[in-house]
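Please load the model in a viewer and keep the sequence panel open alongside it.

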Amino acid sequence: MLRATSELEFSNEQNTEEISQLASLVLSGDTSTGEKNSSGLPEKTGYPDSVYIMAANIFQGIRFEKSPEKVLIKYGNEPLLSLPESEDESSQRSSYELAFSALKFQDILEAILIDSCIFPSTTIPDHLSSLIIVMLYDFQDRKFEARFLSDNEEPIAEVQEVENLLNSFKIKLAAALARCRIKHDALSIYHILPETVRNQELRASTLPLYAWINTCKISPEEVYYSLKKRGYNKVKSVLHIDDKVFAVDQHCYDVLIFPSHLKNNLLNIDLFKDYKLIFQDKSRSLAVHSVKALLNMDDDILMVNTGSWYTVAHMSILTNNNTSKIFVCGVKSQAKDPDLKNLFTKMGCKNIEILHEAFLNIESKDHRLQKVKVILLLPRCSGLGVSNPVEFILNEHEDTGLLKDFSQGGTSEDKLHILVQQQYEQLTHAMKFTKAQAVVYCTCSVYPEENEGVVKKALEFQDHGIKVQPYSGTHLRQCL
């Protein structure tokens, strides 16, 4: 239980006036909030209790641990209330985004809690510290305004107690946040973030959305017509356009581009609900189109580390008119097979075969793979080339540790070394499949060590004239 010892005894009217003044001081010039809400969404009203719990559990797993002499707040090891894994994509996204935001501002939020005397003047169980951090971030993001509570949701006791605690300290919290901003001579706490992190966020806010057309279920022309009926106009470029528009990608004929602010609207239309349009990072579409350009009608494909099953589905759909088989390795749990087959059936995919062995355990002489002509290798990587880490984690089933790297603007040397070694092992193993005519290697990394570096090192492993064919948009269009 939380036992607040707040000394505040102001009237509601005085509280409201002072909070308004302090919030205005703290958040003046805060363009980050405006950027996030450029689509004209309503003012933030908070999240359901379950989202706070999920976000706190995510934060607990990725937070920065400090040396004992620098510890300001103890987090403990006792987990929060365990909730069933949510299948609601919106709740999952909100939880990850809230945890990621709290992680970026962890040092600032901890300092505010100390400066406002919440710590150590209240008796707070250590295991609730993560919940306090994520709820404090949201509280200040709402300019310390009250949260909207839905009558349809079952309240969670821990969330209610933390909310009551923060509300009882809200003037001191607002004042502490204002002092923090002044100390750093920053327009808002957003401007206290490292420049590399701010640049990443700016890039994410300006890059468009990509979605590929499931041509097994609908033709591109039918998609254009359907979008036009809903008020979307086809243009040549969507950059810096706020209207309801879309464009066709110049590299992949079945990929459409939308302004980023339209995502919530698009998710509610039948094209996306019925798997006729699928949101996915463009790098994955480039990868499967690169493979398609290298295939003959009856060539098989081996896919390694696919991440999202949408990548497998896209590869299947591009080869739907061929007699090609797509082998997907590394699916460890056979319990997933029925769910995967159900997904592929809904999407119209028919030529996929799942292999449960890890790639490094599959021999090049495996009788199932003798017609494989192209290997698509999508290795685990630092991922710092993606525009939105939350979307990447959700869509590609990536490790939540990616959020920690993004919050720092880079990957540690130790982690990078481990990733490069894994990539090298997989790439050299792929080269042992002598009947394969090509290996398509695709990362989402900005580090040369994971790209040119690991490819060059792997080529040195071979001595019989294997050559690098770099990606070329012109060459790809000629092959398609």
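**First stop: C444**

Select C444, which lies in the loop that connects β10 (438-441) with α20 (452-461). The coordinates on display are those of a predicted model. In the UniProt record, an unreviewed entry, the annotation "active site" covers C444. The residue is buried, because its relative accessible area is 5%, under the 20% cut-off.

Next, display the surroundings of C444. Leaving aside residues up to four places away in sequence, C444 touches S283, R284, C381, G383, L384, G385, V386 and F392.

Which cysteine sulfur is nearest to that of C444? A search of the whole structure finds 0 disulfides. C444 is accordingly in no disulfide, and the nearest cysteine sulfur, at 5.2 Å, belongs to C381. For another cysteine, select C329: this residue counts as buried because its relative accessibility is 7%, under the 20% cut-off.

Now select the open sheet of 5 strands whose order is β8-β7-β6-β9-β10 and whose pairing is parallel. At its edges stand β8 (352-354) and β10, each of which pairs on one side only. From one strand to the next, the twist averages 20°. Helix α14 packs on this sheet, where it touches β6 (300-304), β9 (372-377) and β10. The direction of α14 makes about 165° with that of β9.

To inspect one pairing in this sheet, select β7 (residues 326-328) together with β8: the two strands run parallel and are joined by 3 bridges. V328 stands opposite I354 in β8.

**The mixed sheet**

Move to the open sheet of 5 strands with the order β2-β3-β4-β1-β5, in which the pairing is mixed. Strands β2 (233-234) and β5 (277-279) form the edges; each has a single partner strand, so one side of each is left without a neighbour in the sheet.

Within this sheet, select β1 (residues 209-213) and β4 (residues 255-258). These strands run antiparallel and are joined by 4 bridges. W212 is found opposite V255 in β4.

**Helix α19 and L416**

Select helix α19 (residues 413-430), which contains L416. L416 counts as buried because its relative accessibility is 10%, under the 20% cut-off. Apart from residues up to four places away in sequence, L416 touches T411, Y447, E449 and E450. Between L416 and Y447 there are 31 places in sequence, while their C-alpha atoms are 8.9 Å apart.

**Helix α5**

Select helix α5 (residues 106-115), and colour Q106, I108, L109, E110, I112 and L113, which are buried. An α-helix has 3.6 residues a turn, so residues three or four places apart point the same way. After α5 comes C117, with a positive phi near 70°.

**The whole chain and its confidence**

Zoom out to the entire chain. Its secondary structure comes to 21 helices and 10 strands. Of its 480 residues, 49% count as buried. Among contacts between residues at least 6 apart in sequence, 78% join residues at least 24 apart.

Finally, colour the chain by pLDDT. The mean is 84, and 85% of the residues reach 70 or more. Over residues 1-41 the pLDDT stays under 50, and the model has 72 contacts beyond four places in sequence for this stretch. A further stretch with pLDDT below 50 is residues 472-480, which has 14 contacts in the model beyond near neighbours in sequence. Where pLDDT is low, the predicted coordinates should not be read in detail.

Notes. Residues numbered from 1 in each chain as written. Predicted model: local features only at pLDDT ≥ 70, side-chain atom pairs only at ≥ 80, totals over all residues. Heavy atoms only, no water. UniProt positions renumbered as here; feature names shortened; annotations may be inferred. Buried < 20%, exposed > 50% of the residue type's maximum accessible area, 1.4 Å probe, protein only. Contact = heavy atoms within 4.5 Å. Disulfide = S-S within 2.5 Å. pLDDT = per-residue confidence, 0-100. Pairing = 2+ DSSP bridges. Axes fitted to C-alpha atoms, helices over the stretch in contact; angles between N-to-C directions.
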